[in-house]
Structure formats: C-alpha cells, structure tokens
Amino acid sequence: MIKLNLFHPEILEAIAGNGHGAKVLIADGNFPISTKTPPACKKVFLNLAPDLLTVTAVLKVIKEYVPIESYSVMATPDETDQPIHQEFRKILGTDISLQKLKRAEFYQASADEEVCLAIATGETRRFANILLVIGVVIPG
C-alpha cells in the first residue's frame, strides 16, 4: 500500500496518464456515465450505495493531486444556485474559473474526447456533477 490519501489504482493511472487540458468528471448517482462519456475515457464506479461516497468527498481528494484550471457544473433549468455548487466553490476556492452549463450542454461537454476520467459516485443530490479541467504544475 502506498502512503497517499489517493490510492485507487484506476484513478491514479488516469490522472498520471493525462495532463494540461484533460478533463475529469465527478458525477452524481443519476449521471449516465456509460452513455455520456467518450469511449476511451476511464470509467470508475464508486457508486456502491446512495450517499456512501459523495461528489464532494471525491473532489476533496482529487483536488489535492491535480492542479485544477477551471470547472463546469450542471445548472438547473431555472439557473438557481444550488447548495452543492456553493460547496464546490468552498472546496476549490474562488480563483478557479466556473462555467454553468445547461443539462444538454453539460452532457455534450462530458462526451468530449478530452474527458480522460469519469467517476460515478453515490451522490443523491441533484445537479451535483462537476467537470474539472486539469491545469499545469508551476515550478517552485
């Protein structure tokens, strides 16, 4: 066993094998991972039971190992700010660019060939999907 907080082999492999501009989807339990992500995307299913592993729990771990340049969330039809989106901002900070996409736009973005990793969680809150763009590691 390695001494890191992230030791899921498929997640480590996908992150290590990609770089600047690649995208990581962390999806809620309602997101259709199998049909709305590109075929070459590594798909990891952590959705053992409802809310057993949440999007925010996965995001907190991933952000410690991946520089995040920007991110997108799935907006509600009336575009009201969701508590889960406020949690994302709290976890990621306000310096990272945020884009709100309508459902069809989010599905299209998730199907982009740049999506290298899709993680399905047991999150039951609606609109809890987040698409991260990997940034660059700045020396020093």
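On helix α4, the exposed residues A104 and Q108 sit on the face turned away from the buried side of the helix. This is a predicted model. The briefing covers α4, the sheet it packs on, and the pair of helices α2 and α3, whose axes come within 10 Å.

**Helix α4**

- Helix α4 spans residues 103-110, and its buried residues are F106, Y107, A109 and S110.
- These buried residues fall within an arc of 160° when seen down the axis of α4, so they line one face of the helix.
- An α-helix has 3.6 residues a turn, so residues three or four places apart point the same way.
- The cover over the buried residues of α4 includes strands β1, β3 (68-74), β4 (97-101), β5 and β6 (130-134).

**The sheet**

- Six strands form an open sheet in the order β2-β5-β1-β6-β3-β4, and the pairing is mixed.
- The edges are held by β2 and β4, each of which has a single partner strand, so one side of each is left without a neighbour in the sheet.
- On average, neighbouring strands of this sheet are turned by 15° against each other, direction ignored.
- Helix α4 packs on the sheet and touches β1, β3, β4, β5 and β6; the direction of α4 makes about 135° with that of β3.

**Strand β5 and its partners**

- Strand β5 covers residues 115-120 and is mostly covered, with six of its six residues buried.
- Strand β1 (residues 23-27) pairs with β5 in the parallel sense over five bridges, and L25 has A118 of β5 as its bridge partner.
- Strand β2 (residues 42-45) also runs parallel to β5, joined to it by four bridges; here F45 has A120 of β5 as its bridge partner.

**Strands β3 and β4**

- Strands β3 and β4 run parallel and are joined by five bridges.
- Within this pairing, the bridge partner of S72 in β4 is Q99.

**Helices α2 and α3**

- The axes of α2 (residues 55-62) and α3 (residues 83-92) come within 10 Å of each other and cross at roughly 15°.
- Angles under 35 degrees count as roughly parallel, and α2 and α3 are therefore roughly parallel to each other.
- The crossing of α2 and α3 is right-handed.
- On the α2 side the contact is made by V55, T56, L59 and K60; on the α3 side it is made by I84, E87, F88, I91 and L92.

Note on methods
Residues numbered from 1 in each chain as written. Predicted model: local features only at pLDDT ≥ 70, side-chain atom pairs only at ≥ 80, totals over all residues. Heavy atoms only, no water. Buried < 20%, exposed > 50% of the residue type's maximum accessible area, 1.4 Å probe, protein only. Helix = DSSP H or I, 4+ residues; strand = E, 2+ residues; numbered from the N terminus. Pairing = 2+ DSSP bridges. Arc of directions from axis to C-beta. Contact = heavy atoms within 4.5 Å. Axes fitted to C-alpha atoms, helices over the stretch in contact; angles between N-to-C directions. Parallel < 35°, antiparallel > 145°, perpendicular 65-115°, else oblique. Left-handed = near helix turned anticlockwise from the far one by under 90°.
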